[in-house]
Amino acid sequence: MFIIMWEFRVRQGQEIAFQRAQGANGEWARLFGRDARYLGTELLRDERDTHRYVTLDRWTSRAAYDAFRAQWQAEYRAIDRAHESLTEQEALLGMFTVGPADE
């Protein structure tokens, strides 16, 4: 399994819209769901800082994610641009492989 982690700082008053866009049934998950190798998204909200969120997007492999990005590049960019106003900051925390590196 391959996991991508993002951290977001959500603008005051945009929390609900952000949760709708980034949640397990949100617009991002629906786009990712066009690929059978997408395994789901988790949205985590920091208990101490309610404007800080982390997402975990799960894929069967790095190759699956890369192929998805290549195929759906225009749609990915469009959603990204449409949601820019919801956040103050966005950072890639990392890309992780679950299990041995040669899988």
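Reader: Hey, quick one: what's the relative accessible area of Thr97?
Author: Thr97 comes out at 48%, so it counts as partly exposed (buried is under 20% relative accessible area, exposed is over 50%, and partly exposed is in between, using a 1.4 Å probe and protein chains only). This is a predicted model, where local features need pLDDT of at least 70, side-chain atom pairs count only at pLDDT 80 or more, and totals for chains, interfaces and linings use all residues. Residues are numbered from 1 along each chain as its sequence is written, and side-chain values use heavy atoms, with hydrogens and water left out.

Reader: Ok, and where does Thr97 sit?
Author: In strand β4 (helices, H or I with at least four residues, and strands, E with at least two, are DSSP runs numbered from the N terminus). Beyond its neighbours within four places in sequence, Thr97 is in contact with Met1 and Phe2, contact being heavy atoms within 4.5 Å.

Reader: Switching topic: how many salt bridges are there in the whole structure?
Author: Seven, each being a side-chain nitrogen of Lys or Arg within 4 Å of a carboxyl oxygen of Asp or Glu. One of them pairs Arg9 with Glu88 at 3.9 Å, N to O. That pair ties together distant parts of the chain, since Arg9 is in strand β1 and Glu88 in strand β4, 79 residues apart.

Reader: Which side chain does Asp35 meet in a salt bridge?
Author: Arg37, at 2.8 Å from N to O. Asp35 is buried at 8%, whereas Arg37 is partly exposed at 33%.

Reader: And what about Arg62 and Asp66, where are they?
Author: Both are in helix α3 (residues 62-71), four residues apart, or about one turn of the helix. Elsewhere, salt bridges with shared partners join Glu7, Asp46 and Arg52 into one network.

Reader: Now Asp57: buried or exposed?
Author: Asp57 is buried, and it has no salt bridge. The nearest side chain of opposite charge, Arg58, is 7.8 Å away.

Reader: Which side chain has a polar contact with Asp57?
Author: The side chain of Thr41, at 2.7 Å. Asp57 lies in strand β3 (residues 52-59). Not counting residues up to four places away in sequence, Asp57 touches several others, including Phe2, Trp6 and Phe32.

Reader: Last one: where's His83?
Author: In the loop between α4 and β4. His83 is buried, at 15%. Leaving out neighbours within four places in sequence, His83 contacts Ala21, Glu27 and Trp28.

Technical notes. Lys, Arg positive; Asp, Glu negative; His and termini not counted. Polar contact = N/O pair within 3.5 Å; in protein donor to acceptor, adjacent residues only side chain to side chain.
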